[in-house]
Amino acid sequence: MPRPAKNRASEPRRTRLDRLWYVYGAANMLVKASPTPVMSSDRAFSDTTPFMRIDFVRHGETDWNRIRRVQGRGPVPLNALGERQAERLGERYRGEKIDALYASGLVRAMQTAKKIADTTGKESVVDERLAEVDHGEVEGLMLPELTAQFPDILRLCSTSPDLVVYPGG
């Protein structure tokens, strides 16, 4: 059954970055590549206008991701699949000129950053502004527990995630 259309007129306007931030959570890693000439059909730019490419990369899978447990800022490491994902991500950046590599101090983000650092030779810099949202009392809960204990938060997460304030977070 198709979902009914939402009336978005009353919702705050979100930018593309806001939507990406919500979809991926806090960007656990930022890879900044050198300015590169790109082709553009926009008359405001010449064909050789340099752009800086910024890649936001999410960490590999954790056991809590797999079972859909809210993980937040806890020290949850990558699982075996997450390790393989991080290795493949590192291989993806092999040979690219990376100017800077940033990661939050979260264990899973640092593990992922290390795989990129190993293949690019660029050491990662910890920046806590990239850390996951502090989920407070919600951290560690499974979806049924979250639904039972904090139904308003779950509802707000699906309609206005940028307005959610987690108890104790």
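**Entry 1: helix α4**

The model is predicted, so I note its terms: local features need pLDDT of at least 70, side-chain atom pairs count only at pLDDT 80 or more, and totals for chains, interfaces and linings use all residues. Residues are numbered from 1 along each chain as its sequence is written, and side-chain values use heavy atoms, with hydrogens and water left out.

I took helices (H or I, at least four residues) and strands (E, at least two) as DSSP runs, numbered from the N terminus.

I found Ile-98 in strand β5 (residues 98-103); Ile-98 is buried at 7% relative accessible area. Its C-alpha lies 9.9 Å from that of Ile-116, 18 residues apart along the chain.

β5 pairs with β6 (residues 125-126) in the parallel sense over two bridges; pairing requires at least two DSSP bridges between the strands. The chain crosses from β5 through α4 to β6 in a right-handed β-α-β crossover, that is, clockwise from the first strand over the helix to the second with the strands pointing away from the viewer. I also noted Tyr-102 opposite Val-125 in β6.

**Entry 2: salt bridges**

I counted nine salt bridges, each a side-chain nitrogen of Lys or Arg within 4 Å of a carboxyl oxygen of Asp or Glu. Asp-118 and Lys-114 form one at 3.0 Å, N to O; both lie in α4, four residues apart, about one turn of the helix. Residues three or four places apart in an α-helix point the same way, because there are 3.6 residues a turn. Salt bridges that share partners join Glu-83, Glu-87 and Lys-115 into one network.

Arg-94 meets Glu-91 with closest N and O atoms 2.7 Å apart. Arg-94 is partly exposed at 48%, and Glu-91 is partly exposed at 44%.

**Entry 3: Arg-68**

I checked Arg-68, in the loop between α2 (63-67) and α3 (80-92). Its phi is positive, near 65°, in a residue other than glycine. Most residues other than glycine have a negative phi. Arg-68 is exposed at 62% relative accessibility.

Technical notes: Buried means under 20% relative accessible area, exposed over 50%, partly exposed in between (1.4 Å probe, protein chains only).
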